[in-house]
Amino acid sequence: MDREFIINKLRENVCTVVFEKTNGDQRIMECTLSSRCIPEDKRPNGNGKVKPDHIINAFDVELGDWRSFNLDKIISFDVDFVA
């Protein structure tokens, strides 16, 4: 999938990403990059590690924390609602 498309959708929406984890398990994650949906104490401060282009960090709204997924392992990507 196209990285810029996914990043742009995550910046404005809560999305459901279904992907294959490194161990082969399938994971469903509702996530976002919209600051409106991320608690202030969890928002990025610019001190994080730089990830490779095929890895996307996103805020898991169900777990309330940051997780990442591999673009090459996405099974499906859907916009749930505008954040």
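The turns below cover strand pairing and salt bridges in this predicted model.

User: In which sense do strands β1 and β2 pair?

Analyst: β1 covers residues 13-20 and β2 covers residues 26-32. Seven bridges hold the two together. Cys15 stands opposite Cys31 in β2. The sense of the β1 and β2 pairing is antiparallel.

User: Which residue in the turn of the β1 and β2 hairpin has a positive phi?

Analyst: β1 and β2 form a hairpin, with five residues between them. In that turn, a phi of about 95° belongs to Gly24.

User: What is the bridge partner of Thr32 in β3?

Analyst: β2 also pairs with β3, residues 55-60. Two bridges join these strands, and they run antiparallel. In β3, Thr32 has as its bridge partner Phe59.

User: How far apart are the closest N and O atoms of Arg27 and Asp60?

Analyst: Arg27 and Asp60 form a salt bridge. The pair links distant parts of the chain, with Arg27 in strand β2 and Asp60 in strand β3, 33 residues apart. Their closest N and O atoms are separated by 2.7 Å.

User: Which residue forms a salt bridge with Asp65 at 3.7 Å between the closest N and O atoms?

Analyst: The cut-off for a salt bridge is 4 Å, so a 3.7 Å contact of this kind qualifies. The partner of Asp65 is Lys42. The pair links distant parts of the chain: Asp65 lies in strand β4 (residues 65-70), Lys42 in the loop between β2 and β3, 23 residues apart. The residue asked for is Lys42.

User: What relative accessibility does Asp65 have?

Analyst: Asp65 counts as partly exposed. Lys42, its salt-bridge partner, is also partly exposed, at 28%. For Asp65 the value is 28%.

User: Which residues are linked in a network of salt bridges?

Analyst: Asp65 forms a salt bridge with Lys42. The side chain of Asp65 also meets that of Arg67 in a salt bridge, at 3.8 Å from N to O. The linked residues are Lys42, Asp65 and Arg67.

Definitions and conventions
Residues numbered from 1 in each chain as written. Predicted model: local features only at pLDDT ≥ 70, side-chain atom pairs only at ≥ 80, totals over all residues. Heavy atoms only, no water. Pairing = 2+ DSSP bridges. Helix = DSSP H or I, 4+ residues; strand = E, 2+ residues; numbered from the N terminus. Buried < 20%, exposed > 50% of the residue type's maximum accessible area, 1.4 Å probe, protein only.
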